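Hi everyone, thanks for making time this morning.

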Amino acid sequence: MKTMRLVAVVPLVHRTFPVKSTGGAWIWRSHHVPIACRRLAHRPSPRLHGVWSRGCKRTQSRICSLHGDGDSSGSSMDEVVASVRNSLRTNLVEHHLNLLHETHEDELRDPPVVVLLLAVSGGSDSIALLHSVLRSVESSVIDDERTLCLKLGVVGDEYDVPCQVHVAHFNHEQRGENSDGDEMLVESLCRESGLPFHCYRWSDGSTCLESSEVNGNKDVFSQNTARRWRRRELKNLLSDLVPSKGHAFGAILTAHHRDDADETILLKLLRGSHLTNLAGMEARSDPFELGGSDQRSRMLGYFVKPCLELRKTQIVDFLTSNSYEWREDESNSSNKYKRNKIRNELMPLLSEIAGGDEAIHTRFRNLEQQSREIGMDLALRAQQHLDEMNCDSEFRL
């Protein structure tokens, strides 16, 4: 049975109205009109009720003290937070709102709620993602209720999106006290920030895996099995969190960055891949349905990588310049896994041969762009050929 602990509850209260931006896309412009709150289905345990109630009264001041006033002049902070906000705006919110407008225009009366579920391990990448999202939300307290909205857009074209923010942590229990230390750090940050904390342990979750997923041995840990376990639990949790009314939608945010994407391209090259499949990572997955009932069939979720345009060096600079704490997984320095060996040995060597980090990163980005363009061109040519065929049968690429 999975382990889940809730540190706080984030009810949603905010009224915004749908408008069209200058580019023609539908967005929801905030008029800052609070509405009655609806509490989440999850309630804090009696042991944490006092923490939750006191936290709600002091939420705004606590977030300000933890993250400053938002006017830091550090370029790393500006780059990281701005990149995450831009990704959430373009790759998630505006994409989904335009999709809703095309399919449910007549039903849209109130702005949909977006549930952001952050996968936070405690490492530098996910901790930077957590702080960036916290810097991108604004909260206030009215009648002992907390309001939360995601601040998006640019100066002169700003808008707010009503949201809920949750954090999920997976304790794989493979590193003893270090694994528990990661969990304690993430839980502590959630408590300080007033965010719900959902914790899953390998010893609980692996027993629910199918035999085919673990090659018949559920006691054996592997990276691939753990990845399937995390994705399954995250999707199930998001299904539970997204409200079943008002076209709400959700996103599972992971902290993959540009260096990870370059490593993925190199892995594909080494394994053997078609020219059209040499892209690194997608910033947004295809939508997946949340829940299984007809009532929730319109509720959609995504996997989103808001840090995909950032380099590892930018992330580390962001953390150190703001004195944010994170933990290092000592297994990352081991070359036991192929990706680690590429990161620790092959990428530095290629960078040296190519003439520096920027040079090799530019090569990978160009290769990725060319791969995508070739794929789109081939798909277009194939579709044109099929359109010109005198055939009654239907074929879809």
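Let's begin at Asn-236, which lies in helix α7, residues 223–241. Helices here are DSSP runs of H or I with at least four residues, strands are runs of E with at least two, and both are numbered from the N terminus. At 39% relative accessibility, Asn-236 counts as partly exposed. On that scale, buried means under 20% relative accessible area, exposed means over 50%, and partly exposed is in between, with a 1.4 Å probe and protein chains only. Now look across to Leu-290: it sits 54 residues from Asn-236 along the chain, yet their C-alpha atoms are separated by 7.9 Å.

A word on what you are looking at. This is a predicted model, where local features need pLDDT of at least 70 and side-chain atom pairs count only at pLDDT 80 or more, while totals for chains, interfaces and linings use all residues. Residues are numbered from 1 along each chain as its sequence is written, and side-chain values use heavy atoms, with hydrogens and water left out.

pLDDT is the predictor's confidence in each residue, from 0 to 100. The chain's mean is 77, and 68% of its residues reach 70 or more. Two stretches stay under 50: residues 1–66 and residues 68–73. Where pLDDT is low, the predicted coordinates should not be read in detail.

Now the overall picture. The chain has 11 helices and 10 strands, and 46% of its 397 residues count as buried. Taking contact as heavy atoms within 4.5 Å, residues 24 or more positions apart account for 71% of the contacts with a separation of 6 or more.

On to the aromatics. Rings of Phe, Tyr and Trp (its six-membered ring) pair if their centres lie within 6.5 Å; planes under 30 degrees apart count as stacked, over 60 as edge-to-face and the rest as tilted. That rule gives 5 aromatic pairs. In one of them, Phe-288 and Phe-303 have ring centres 5.6 Å apart and planes at 45°, so the pair is tilted. Phe-288 belongs to strand β9 (288–289) and Phe-303 to strand β10 (300–304), 15 residues apart. Phe-288 and Phe-303 are buried. And what about Phe-318 and Tyr-324? Their ring centres are 5.7 Å apart with planes at 65°, so this pair is edge-to-face. Phe-318 and Tyr-324 are both buried as well. Elsewhere, ring pairs link Phe-170, Tyr-200, Trp-202 and Trp-229 into a cluster.

Ser-323 sits in the loop between α9 (312–321) and α10, and has a positive phi of about 55° although it is not a glycine.

Last stop: helix α10 (338–354) and helix α11 (357–388). Their axes come within 7 Å and cross at roughly 100°; axes are lines fitted to C-alpha atoms, for helices over the stretch in contact, with angles from 0 to 180 degrees between N-to-C directions. α10 and α11 are therefore roughly perpendicular, the label for 65 to 115 degrees; under 35 is roughly parallel, over 145 roughly antiparallel and the rest oblique. Among the residues making the contact are Met-347 and Leu-350 of α10, and Ile-360 and Phe-364 of α11.

Thanks, everyone, and I'm happy to take questions.
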